[in-house]
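Trainee: I am new to this structure and would like to go through it with you. May we begin once it is on the screen?

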Amino acid sequence: MGALTLYALKSAICLTVLFLPFTLLLRRETFFAFNRFGLLLIIALSLLAPFLNVPLWDFTIQDFLAQQRHAIVEVGMPTAFTGESAAPLPRQATGSTPFDWIHLLVYAYLAGVLTCLVLKILQLHRLHRFISSGCLWIDKRDDVTIYCHAGEVEAFSWMRSIVVGEADSAEGSPVMIHEMAHVRHRHSWDALLVALMEVLQWFNPCIWMLDTSLREIHEYEADDVVLRRGITARNYQLLLIKNAVRGSRYAFANAFNHSLLKKRITMMKKKKSNKWARLRLLYIVPATLIVLGAFANRQFATQATTLNDAATDAVKKETPEYNNKEGATNRELNEATTTQKMEETIEPSILPTPLEVVSDTVPPKTIDGEKVYEVADVMPEYPGGMNALLTYLSQNVHYPVVAMENGVQGRYVVRFCVTSTGKVTNVEIAHKPEGEVLSEIIVTSFTNAADSIALTRRINEAKGREAMEEEALRVVSEMSDWTPGYVKGEPVNCIYNLPISFRLQ
């Protein structure tokens, strides 16, 4: 489901980028067959481009500079470790995660696809029922079936069938020539293709605009055939005006009395376009290259992978084990954080009281034979207080370049012990984001055939996670001595946890 939604989004982006210039450059030109080919080419490219992942140029430098401007390090206040004694909390109802929104997006898209598909099927069923119901006679002309209905019936064609009234059923009538032109040029197949695109991209207004443009070209092309058969433009235009009172009732059909009356008459009177104007269609080449380059962009690929995995993640979230683990993570994320941009100094601020952090590992019970406390009467303090600690972190924590280049983000909880003498020891990662380990990727790559581009991306992402972990450990390990914590007036060893988040915007 996520893959289909992602494909539709990429296809819609491609179609929009390719179609909008067409409306400005070619829509009003008089080479109708060429314009029809251009619109069908746009549809074909929008269907194929999402499958291509061609790195047409290197985005590394551009991505790096953009990430430099938007790399953010978030530092939560140190908290006492009580995760071992804490029971898992249920999943919190307040707030929603990005996956929840993506999950909602996927199902909203699928609901729209289903609704649009049902409507299209009903329209097509209604059209087929009317073609053969209540007709006076049926005739075959050059593999085209003519259905003649009594009275004034709007003439239209669908595939190799034509529906006309008695007055317009003569073989040489302008109406029959017009509808026969629709059949000969296979305009119904165009309508069917666009209908399928509308189901796929129901949310994209450009596909509905393209539908209108293609139907206009169909009418212009059929009108041109009528005029080439020797019928005067004046008489034909009067016939169009006479039939304008009848409205088209069938979405798929090519109706003679189409509602584009003014545009059709204007196009008949218009001077033929210069043949060199066809070269304007070459805009499709750079536009397609831009789209393919954007799809190959590392940041776009990262977001695409997230959407592609949304359905799987949604299923996992419904399991009790995931709920318990996610509840603990949500509780951790509820800690107030002070956000800063890289290389900026944090302004002093009032921070909330310490909150609980659930850890993936167990803290030491003793250090050098002395008991380690999880909560002390007087908690240890960084020299100069909390504001001094945040200032130190703001000046020393740096977003690793390898992580920025590969769009890697993550939240790490660094656990450390402040000894009775104030030394910072036993620095380790208590909690880190899930992800593949570099050594495991290298081992599995030898035993399993893997796409080289995908394998390189996985390796670079793993390197980015390792670099962020090393940076978090480094900045804590290099801290100055703390003022130790106290229990009953005696200095003691005390465990602290420091959340550090690396985030890209």
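This is a predicted model: local features need pLDDT of at least 70, side-chain atom pairs count only at pLDDT 80 or more; totals for chains, interfaces and linings use all residues.

Trainee: How do the side chains of Arg264 and Asp223 meet?

Mentor: They form a salt bridge, with 2.7 Å from N to O. Arg264 belongs to helix H9 (residues 261–269) and Asp223 to helix H7 (residues 205–228), so this pair ties together parts that are 41 residues apart in sequence.

Trainee: Why can such side chains pair?

Mentor: Side chains of opposite charge can pair when their charged atoms come close.

Trainee: How many salt bridges does a search of the whole structure find?

Mentor: The search finds 17 salt bridges. One of them joins the side chains of Asp190 and Arg36, at 2.5 Å from N to O. Asp190 is in helix H6 (residues 187–200) and Arg36 is in helix H2 (residues 32–48), so parts that are 154 residues apart in sequence are tied together by the pair.

Trainee: Is Asp190 buried or exposed? And what about Arg36?

Mentor: Asp190 counts as buried because its relative accessibility is 5%, and buried means under 20%. Arg36 is buried as well, with a relative accessible area of 14%.

Trainee: Which residue meets Arg415 in a salt bridge?

Mentor: That residue is Glu428; the two side chains meet at 2.3 Å, N to O. The pair links distant parts of the chain, with Arg415 in strand E11 (residues 410–418) and Glu428 in strand E12 (residues 424–431), 13 residues apart.

Trainee: How accessible are Arg415 and Glu428?

Mentor: Arg415 has 1% relative accessibility and counts as buried. Glu428 is partly exposed, its relative accessible area being 29%.

Trainee: Which residues are linked in a network of salt bridges?

Mentor: Arg27, Glu216 and Lys263 are linked in such a network.

Trainee: Let us change topic. Where does Leu136 lie?

Mentor: Leu136 is part of strand E3, which covers residues 135–141. With a relative accessible area of 46%, Leu136 is partly exposed.

Trainee: Which residues is Leu136 in contact with, leaving aside its neighbours within four places in sequence?

Mentor: Leu136 is then in contact with Cys148, His149, Ala150 and Glu166.

Trainee: How far apart are Leu136 and Glu166, in sequence and in space?

Mentor: Leu136 and Glu166 are 30 residues apart in sequence, and their C-alpha atoms are 8.6 Å apart in space.

Note on methods
Residues are numbered from 1 along each chain as its sequence is written. Side-chain values use heavy atoms; hydrogens and water are left out. Helices (H or I, at least four residues) and strands (E, at least two) are DSSP runs, numbered from the N terminus. Buried means under 20% relative accessible area, exposed over 50%, partly exposed in between (1.4 Å probe, protein chains only). Contact means heavy atoms within 4.5 Å. A salt bridge is a side-chain nitrogen of Lys or Arg within 4 Å of a carboxyl oxygen of Asp or Glu.
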